Amino acid sequence: MYEGKRILIIEDDQEISRLLSVILARSRMEPVAAYSGTEGLLQLQTNTFDLILLDLMLPGKSGEELIKEIREKSSIPIIVISAKVDLENKVNVLKMGADDYITKPFHQEEVMARIEVQLRKASSQPEQLAEIGWRELKINTEKRTITLKEKELQLTNAEFDILTFFMNNPERALSKKDIYESIWKGTYYGDDNTISVHVSNLRKKISEITAEEYIKTIWGVGFMLI
């Protein structure tokens with residue numbers, strides 16, 4: 001299903017890079033390796049990719065710097081694979097625009113599953129109506145654009161999918177499990193704060209346009225679009 005997808009691996013550890021390449025090749029994907037942040041950026045400037053696997057501690061440019069630069073121009077899915085395990089690092093990179101975060105050491109099956117989820121999301125055709133409206137929010141699911149008071153919100157893929165899910169279920173209390181299993185199409189194993197970070201990012205971007213509240217926290221349950 002994902003044969004021929006080009007995946008950019010930006011990882012300075014050659015052994016880990018080689019392992020990721022083998023994992024991708026087994027699924028008939030095309031891995032391309034870059035061993036520094038600057039080399040990775042050059043690859044992105046000269047070639048087209050379907051997804052990025054990104055380490056954070058890189059020579060040249062750090063992974064965090066790359067995320068910022070990539071998100072200024074592209075919504076390509078980014079999965080961070082890092083030895084940094086503390087929550088603050090994870091929260092920061094998700095706020096910057098990464099779509100997912102895997103900690104090292106990792107299981108090969110998990111890496112492949114998360115890659116397939118991001119590729120499926122990026123290539124799926126929306127089943128909803130082309131345009132959905134709620135108050136002054138307007139979502140065009142075909143163009144994957146969202147406007148608030150006629151101003152376009154600049155969202156990551158995950159933020160777009162979560163807000164679309166909210167728009168399809170307004171004034172309904174949605175648990176983190178509901179959101180995760182709808183967006184990521186996998187089993188929810190517990191609270192890792194990923195959902196909370198994405199919702200926090202959505203609130204911040206909405207607040208830059210209006211002081212009106214759109215997403216309410218339902219304590220003990222999750223979130224609601226109001």
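User: Which strands does helix α3 (residues 63-71) lie across?
Analyst: Helix α3 lies across β1 (6-10), β3 (51-54) and β4, and runs at about 160° to β3. Helix α5 (residues 108-123) also packs on the sheet, where it touches β1, β3, β4 and β5 and makes about 175° with the direction of β5. Contact here means heavy atoms within 4.5 Å; axes are lines fitted to C-alpha atoms, for helices over the stretch in contact, with angles from 0 to 180 degrees between N-to-C directions. Helices (H or I, at least four residues) and strands (E, at least two) are DSSP runs, numbered from the N terminus. The model is predicted: local features need pLDDT of at least 70 and side-chain atom pairs pLDDT 80 or more, while totals for chains, interfaces and linings use all residues. Residues are numbered from 1 along each chain as its sequence is written, and side-chain values use heavy atoms, without hydrogens and water.

User: In what order do the five strands of the open sheet stand?
Analyst: Strands of a sheet pair through backbone hydrogen bonds, either parallel or antiparallel. Here the order is β2-β1-β3-β4-β5, with parallel pairing; two strands pair if DSSP finds at least two bridges between them.

User: How many bridges join β1 and β2?
Analyst: Five bridges, in the parallel sense; Ile-7 has Pro-31 in β2 as its bridge partner. With helix α1 (residues 14-26), these two strands make a right-handed β-α-β unit: with the strands pointing away from the viewer, the path from the first strand over the helix to the second runs clockwise.

User: At what angle do the axes of α4 and α8 cross?
Analyst: Two packed helices are described by the angle between their axes and the distance between the axes. The axes of α4 (residues 87-96) and α8 (residues 194-207) come within 9 Å and cross at roughly 40°. That makes α4 oblique to α8, where under 35 degrees is roughly parallel, over 145 roughly antiparallel, 65 to 115 roughly perpendicular and the rest oblique. Lys-90, Val-91, Leu-94 and Lys-95 of α4 meet Thr-194, Val-197, His-198, Ser-200 and Asn-201 of α8.

User: Which strands make up the open sheet of three?
Analyst: The order is β10-β12-β11, with antiparallel pairing. Its edge strands are β10 (174-175) and β11 (215-218). Two bridges join β10 and β12 (residues 222-225), and Leu-174 stands opposite Phe-223 in β12. Helix α6 (residues 157-168) lies across β10, β11 and β12, at about 65° to β12.
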